[in-house]
Every structure is written in C-alpha cells, then in structure tokens.
Amino acid sequence: MLMILVGTNLKAQRYPRFKVLAFYSTTVESAHVNFANDAIKFFKDLTIGKGFVFDLTTNMDDMNDEKVKDYQLIMMLNDFPTSPAQKQAFEKYMENGGGCMGFHVAAYNDRTTKWPWFVNFLGGGIFDRNSWPPLPAKLVVEDTKHPITNGLPKTYIAPANEWYQWKPSPRANKDVKVLASLSKDNYPLGLKDILPGGDTPVVWTNTNYRMIYLNFGHGGEIFKDATQNRLIIAALRWVIATDKKGNVFENE
Ligand code: ZN
C-alpha cells in the first residue's frame, strides 16, 4: 500500500508529463467529424490518472507561436493549416523540434495547396487517388522492430477506412520510414473508386522531423481494432519519447 502511495505521489509531482494539443474541425466531411469525435474520446481515455494533458481546439488560428510553444505534440485529427500565418507557425514549430501526429486528411494536398514545405514535410507525395466506399483492408506491418510496430503481427485487417494513395509514393524519399502499408492482396481495392495496385504507405515518418502520419481517419470504425489501437498509442508514445528537450516520456 505504501509503495503504491509513493508511486502515485511521484507521478503527481511530474504532472503534466507532456501536453498534446489536438486540432479538429466540426464543419468538414461528416465521416471526418465522426473520426475526430472517436479520436477525442480515445485519447482522453488515455489521460486517465493524469498521464498527460490533452487539449482541444477547433480554431486553426490557435496555430500560432504563442499558443503552441507549450505543447510537445500537435495532433491534426481532420484539418490542416491553410492561412499564411497558420502555415508559418506550423513550419516554425516543426523546424524547432515540435512533435506532430497527423491523421487521414491532415496529409491531403493537391495543386491548390501551394505549400512546398508541407509537401516535403510529408515526404514528397501528392495526393493521387483514394478507394471508395470505406472498406477494411489488409495492412502489412513493415518493420516489427521499430518502437511503433514492435510486437505487432506482420499483417492485420484494419477497420474500414477511405485509403489514400500518393504520387510519388513517400517511400521513394530516402528520409521517409514506412511502417505500415496496404497489402498487395487488397487490390483492386474499392467498389466505386478503385485503387488498382501500386505502393500505398499507410503509416510513415519523415525522419527529419518528430512526426508520424497515419492514413486512418475516415468514419466511425477506426478504433475498433486492438492491433491498430496499439499502433496508434505506440505512435503517440514514440513522438513524445523522441522529444529533443529530454525524453519526458521515457524518464520515469
Ligand atoms: Zn476521408
């Protein structure tokens, strides 16, 4: 009993161990709003016992130097910076060692994006096409030794999602580490919009930054698979653990 109390006190002294700020929108595609709501519940549940602070905002103008400087991780649930000031603040945050975890549409970009830094940050791929309707898919876990995928099965069936494909594949960038991708067994994937084949990374990091991108994020099924949930939690943990300010998560 005494041990437990001592442990609790130590943890209390360290609180908050880290702070996350999640950006989301309630006015985007309804399936992306559904995902954001599920994600908010999922991550809030992980703060039980005051493990970390999970703050939320629907105001992308909160992407400014003053607001984000206190956070070790910025989460993009279904939105991304669009104004010049927001883009500049995000660039500065990331270039100075900030952490980012982006889902699904957070990596959408096309010819109208006109933000070369962002395309490079994502690994150089431009959104090319997607599968439709949202469907489950077999994922290949590409490196089961990486901290994010350590202990995961080599493949698993991911819950229904709208799957994006980029051109060129982020894998072509030597600075990108792909951790999970669509299995070739899925193709052709889709009923209305078809991914006929090709390389489709689903989870990757640009190793020049403290960032992880996960293509999950469409609809209300995403958090229904334990394997995938474990991957998502490990991804959060990994970005935090690589904090240049001194491994706040590992320093127990
Ligand atoms: Zn979508």
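Predicted model: local features only at pLDDT ≥ 70, side-chain atom pairs only at ≥ 80, totals over all residues.
Select its side chain together with aspartate 175: a polar atom of the asparagine 173 side chain lies 2.8 Å from the backbone nitrogen of aspartate 175. Asparagine 173 sits in the loop between S8 and strand S9 (176-182). Its relative accessible area is 17%, under the 20% cut-off, so asparagine 173 counts as buried. Asparagine 173 is in contact with both, leaving aside its neighbours within four places in sequence.

Next, select the zinc ion. Four residues coordinate the zinc ion at 2.0 to 2.1 Å: His32 through NE2, His104 through NE2, Glu162 through OE and His218 through ND1. Check the angles between the donor atoms: they run from 96 to 150°, and the arrangement is therefore irregular. Along the chain, the donors are spaced H-x71-H-x57-E-x55-H. Histidine 104 and glutamate 162 link distant parts of the chain, 58 residues apart. Histidine 104 is in the loop between strand S4 (99-103) and helix H5 (116-122). Glutamate 162 is in the loop between strand S7 (155-161) and strand S8 (164-167). Histidine 104 is buried, at 0% relative accessibility. Glutamate 162 is also buried, at 7%.

Colour the buried residues of H2: Ala31, His32, Val33, Phe35, Ala36, Ala39, Ile40, Phe42 and Phe43. Finally, show what they pack against: strand S2 (53-57), strand S3 (73-76), S4, S8 and helix H6 (226-241).

Key. Residues numbered from 1 in each chain as written. Heavy atoms only, no water. Donors = N, O, S within 2.8 Å, 3.2 Å for Na, K, Ca; no water. Tetrahedral: all angles 85-135°; square planar, octahedral: opposite > 155°, others 65-115°. Helix = DSSP H or I, 4+ residues; strand = E, 2+ residues; numbered from the N terminus. Buried < 20%, exposed > 50% of the residue type's maximum accessible area, 1.4 Å probe, protein only. Contact = heavy atoms within 4.5 Å. Polar contact = N/O pair within 3.5 Å; in protein donor to acceptor, adjacent residues only side chain to side chain.
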